[in-house]
Amino acid sequence: GFLDHVALGNEEWNPWEGDEKNELLASQQRYEANLKMIKNARSHLEQTSLRVQIWGKAAIGLYLWQHIFGGHLQPADVTAQWREGSQKSGKTYFSFITGPSVVPGYFSVEAENVVLVLNGREKAKISYATQWLHYAQTLIQTHKIQHVAVVLLGNEQCNNEWIQPYLKRHGGFVNLLFITYDYALVNEEDIFQWPLGVATYRNFPFVEPSWSMLHDPRPYLCNFLGTVYKNSSRETLMEILKQDGLDKLCWIAAREQWQPQETNESFKNYQDALLQSDLTLCPVGINTECYRIYEACSYGSLPVIEDVMTPGDCGNSSMYHSAPLQLLKTMGAPFIFIKNWKELPAVLEKEKQMNLQEKIQRRKKLIEWYRNFKAWMRQKFINTLEIFFLPSDKG
């Protein structure tokens, strides 16, 4: 249910009670209208049952399964060699498998329709991804499976040429591609933009909003914990914060080198910073889209995003007039977008004037938006698979 009551101990509570009932009603009506539209589109498919097996061979598979689908995995231990889960949605039965033991040819293929979750971020990952694609191709050729979709962690500069020959439109066998970042070839027909999500490879958790997360005053105006690259806009950001003494009002922890693996302490600090700041500063890295955006949403800390295109091949198409972050913008993300960090002092000045009640409203709105966003992505994903994978009435 869209308005599930979240049980906190024995006390039931609803994070969206009170004055904003009207606003909620309007957004709920929009949400239900969208769902109705999707259901109508699906009604002619209702007779058929679809079985889809998802092979999670990249960490973004966990975002798909646990965050967007709200699915569970057994065993719960994240280091397990083999983990699986299943879920029925509408007329589709999904099963999900992941872990180092899931190796081509050494597990049972239990559905005619497969979603492959792959990492195409760099050369070594691409060669591993192509092994999986060749395995899927063999299964197609031997009629063990019928359809293949790919969810791909794309390259941060959108150099994804290697995947193109595998797509059906280029004579390959992959029916659908869901890909991260503002890839220029996204067409909403067979290539769709997919959210980067949270850093599941660092075990960033699925966060349930609590009463205190929504209502408590937060001691910091903003936070930025991250790497400050030489000659980057992040250096500019640091200078601006120091100049105005704003770094005293924010939780700032800068480091010179990126660390892929957090220590327990640094990870806890990072989560605390999100929970204890009203705003999370999101300067561009190699790409404008980063895990930080979604992680901040999880904790009700509003992302302040440096809204500029990064160098590379992302978004160079007529569709992307307001790139970057086309997907988030299309979905009406209630973030603060700024073109230059020089605008930050004014943003923080406005922040100081806000009272707690206004901040509570904003947190609820952000958390509700994020919840709707994930529900919408899930519905769109299922819908797209059904349209492509189920036999059509056209004959």
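Okay, a bit of housekeeping. Residues are numbered from 1 along each chain as its sequence is written, and side-chain values use heavy atoms, with hydrogens and water left out. Since the model is predicted, local features need pLDDT of at least 70 and side-chain atom pairs count only at pLDDT 80 or more, while totals for chains, interfaces and linings use all residues.

So, the whole chain. There are 10 helices and 14 strands; both are DSSP runs numbered from the N terminus, with at least four residues of H or I for a helix and at least two of E for a strand. Of the 395 residues, 54% count as buried. Buried here means under 20% relative accessible area, with exposed over 50% and partly exposed in between, using a 1.4 Å probe and protein chains only. Now take the contacts between residues at least 6 apart in sequence: 73% of them join residues at least 24 apart. Contact means heavy atoms within 4.5 Å.

Next, the sheet. What is the strand order in the open sheet of 5 strands? It goes E11-E10-E12-E13-E14, with parallel pairing. Two strands pair if DSSP finds at least two bridges between them. At the edges sit E11 (251-255) and E14 (336-338), each pairing on one side only. From one strand to the next, the twist averages 20°.

Let's walk through some of the pairs. E10 and E12 are parallel over 3 bridges, and Tyr220 stands opposite Ser277 in E12. E12 and E13 pair over 4 bridges, also in the parallel sense, with Thr280 opposite Pro303 in E13. Then E13 (residues 302-306) and E14 share 3 bridges, parallel again, and there Glu306 faces Ile338 in E14.

What lies on this sheet? Helix H9 (residues 344-353) packs on it, touching E10, E12 and E14, and its direction makes about 170° with that of E12. Helix H7 (residues 291-298) lies across E10 (220-227), E12 (277-282) and E13, and runs at about 170° to E12 as well. These angles run from 0 to 180 degrees between N-to-C directions, and the axes are lines fitted to C-alpha atoms, for helices over the stretch in contact. And how many of the 6 residues of E12 are buried? The count is 6 of 6.

On to a helix pair. The axes of H2 (residues 60-68) and H10 (residues 356-389) come within 10 Å and cross at roughly 110°. That's why we call them roughly perpendicular to each other, a label for angles of 65 to 115 degrees, whereas under 35 is roughly parallel, over 145 roughly antiparallel and the rest oblique. Which residues meet? From H2 we have Tyr63, Leu64, His67 and Ile68, and from H10 Tyr370, Lys374, Met377, Arg378 and Phe381.

H2 is mostly covered, with 8 of its 9 residues buried. Among them are Trp65, His67 and Ile68. Just after H2, Gly70 takes a positive phi of about 65°.

Last stop: Gln164, in the loop between E7 (147-153) and E8 (176-180). Leaving aside neighbours within four places in sequence, Gln164 is in contact with His170, Tyr183 and Leu185. Leu185 is 21 residues away along the chain, and the C-alpha atoms of Gln164 and Leu185 are separated by 9.9 Å.
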